[in-house]
Amino acid sequence: TCGAFGQTGQRPLEENYVRSGKVSYEFRDFMVHGPPDFAASLLGRCAGPGPFFPILEQMYLDQPKFLDTQMKVAQDQAFLQRTANMTPAQIANAWGDAMGYVDFVKQRGVTEAQARACLNDTKEIEALTKMMQDASDKQGVTGTPTFFLNGRKLDNVVTWQGIEGALKNAGA
């Protein structure tokens, strides 16, 4: 459902609410698929804040292909055994390659050296891990997308229609 929102809701949210100044929007990663999402998150942040959302939007558009690849990789017992005792950075690199994420970001202006540096950034890995734990433990996030409006979690609201209704009800 995060991909569906990214495909249908991200652009109207930005164009109709954020750009006008009616809404301040903060995006936070939440890795529901574990290591594959971790690699995608590290690489998505790699190019910096400017290209972040265009890369994210393209990842959402390509999500069906990535999910098919993820299913195949997750069934590869040799790959899973090989990655079982790796460090988090090694796991991020392995999944980044297996999923095609490294090539994906290279096609969008991130060099191989930049991609590897991002996948090996232990401080960023720790920050993402902490953000995930805080979202889960302190804010009750269990999946994506999860939205908060004025500090309140919007339960069972995952579509653009639901978000827009909540924004209008809040006077945005």
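So, the link of Cys-46 and Cys-118 is right-handed, with 90° about the S-S bond. That's a disulfide, meaning a pair of cysteine sulfur atoms within 2.5 Å, and here the S to S distance is 2.0 Å. By this rule the count comes to one disulfide. Cys-46 sits in the loop between H3 and H4 while Cys-118 is in helix H9, so the pair ties together parts that are 72 residues apart in sequence. When I say helix or strand, I mean DSSP runs numbered from the N terminus: H or I with at least four residues for helices, E with at least two for strands.

Before I go on, a word on the model: it's predicted, so local features need pLDDT of at least 70 and side-chain atom pairs count only at pLDDT 80 or more, though totals for chains, interfaces and linings use all residues. Residues are numbered from 1 along each chain as its sequence is written, and side-chain values use heavy atoms, leaving out hydrogens and water.

Are those two cysteines buried or exposed? Cys-46 is buried at 13% relative accessible area, and Cys-118 counts as buried too, at 15%. The cut-offs are under 20% for buried, over 50% for exposed, and partly exposed in between, with a 1.4 Å probe and protein chains only.

Okay, on to the cores. A nonpolar core here is a set of buried Ala, Val, Leu, Ile, Met, Phe, Trp, Tyr and Cys residues joined through side-chain atoms within 4.5 Å. The largest one has 33 residues, and among those touching the most other members are Leu-42, Met-59, Trp-95 and Tyr-101. Several helices each supply at least two residues of this core, including H3 (35-44), H4 (49-61) and H10 (122-139).

What does Met-59 touch, not counting residues up to four places away in sequence? The answer is Ala-40, Phe-66, Tyr-101 and Phe-104, where contact means heavy atoms within 4.5 Å. There's also a second, separate core of twelve residues, and Leu-13, Tyr-17, Leu-149 and Ala-166 are included in it.

Last stop, some backbone details. Thr-144 and Pro-145 are joined by a cis peptide bond, with omega about -10°, and Pro-145 is in the loop between H10 and strand E1 (147-149). Then we have Asn-150, with a positive phi near 55° even though it isn't glycine. Asn-150 lies in the loop between E1 and strand E2 (152-154) and is exposed at 71% relative accessibility. Asn-156 has a positive phi as well, about 60°. You'll find Asn-156 in the loop between E2 and helix H11 (160-169), exposed, with a relative accessible area of 81%.
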